[in-house]
Amino acid sequence: MNILLVCACGASTSLLMQNMKDNLSADEADWKIEALSVSEAKTKFGLYDYVLMAPQVKFQTNMVKELCKDIPQITILNVPAIDFGRCNGKGVLDLVRNDLKNK
């Protein structure tokens, strides 16, 4: 599983990314989590299964969906502001886990 956190510039997102990595279960140990700004990510979306939009770039979700329309494996989700603000990596991972269960 490859997860990309998309943010504005990355300072707080790197904290969330680390907390997510710290909350991976043993069977998720091979999951890769990265954080990039929207401008850095534009040419790399095809490398990921999930793109998680930080609250500060949520307004760009439709643009990201348009850029990803030809990437069948990708899922784009918005990170809840409460989880982002609290650097709640478990909560953000649960967003992905729940989506996987519902597929």
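Trainee: Let's start with helix 1. How many residues does it have, and how far does it reach?
Mentor: Helix 1 (residues 11-22) has twelve residues and spans 17 Å from first C-alpha to last, close to the 16 Å expected at 1.5 Å a residue. The expected span is 1.5 Å times one less than the number of residues. Helices (H or I, at least four residues) and strands (E, at least two) are DSSP runs, numbered from the N terminus.
Mentor: Before we go on, this is a predicted model: local features need pLDDT of at least 70, side-chain atom pairs count only at pLDDT 80 or more, and totals for chains, interfaces and linings use all residues. Residues are numbered from 1 along each chain as its sequence is written, and side-chain values use heavy atoms, with hydrogens and water left out.
Trainee: OK. Which residues of helix 1 are buried?
Mentor: Thr-13, Leu-16, Met-17 and Met-20. Buried means under 20% relative accessible area, exposed over 50%, and partly exposed in between (1.4 Å probe, protein chains only).
Trainee: How many bridges between strand 1 and strand 2?
Mentor: Six, in the parallel sense. Leu-5 has Ala-35 in strand 2 as its bridge partner, and Asn-2 stands opposite Lys-32 in strand 2. Strand 1 and strand 3 also pair in the parallel sense, over four bridges, and in strand 3 the bridge partner of Leu-4 is Val-51.
Trainee: Is strand 1 buried or exposed?
Mentor: Five of the six residues of strand 1 are buried, so the strand is largely enclosed by the rest of the structure.
Trainee: Then the core. Which residues touch the most other members?
Mentor: In the largest nonpolar core, which has 33 residues, those are Val-6, Met-20, Phe-45 and Leu-52. Strand 1 gives the largest share, five residues. A nonpolar core is a set of buried Ala, Val, Leu, Ile, Met, Phe, Trp, Tyr and Cys residues joined through side-chain atoms within 4.5 Å.
Trainee: What does Phe-45 touch?
Mentor: Not counting residues up to four places away in sequence, its contacts include Leu-4, Val-6, Val-51 and Val-64.
Trainee: Last one, Ser-37. Where does it lie, and is it buried or exposed?
Mentor: Ser-37 lies in strand 2, and at 7% relative accessibility it counts as buried. Leaving out residues up to four places away in sequence, Ser-37 touches Val-6, Cys-7 and Ala-8.

Notes: Pairing = 2+ DSSP bridges. Contact = heavy atoms within 4.5 Å.
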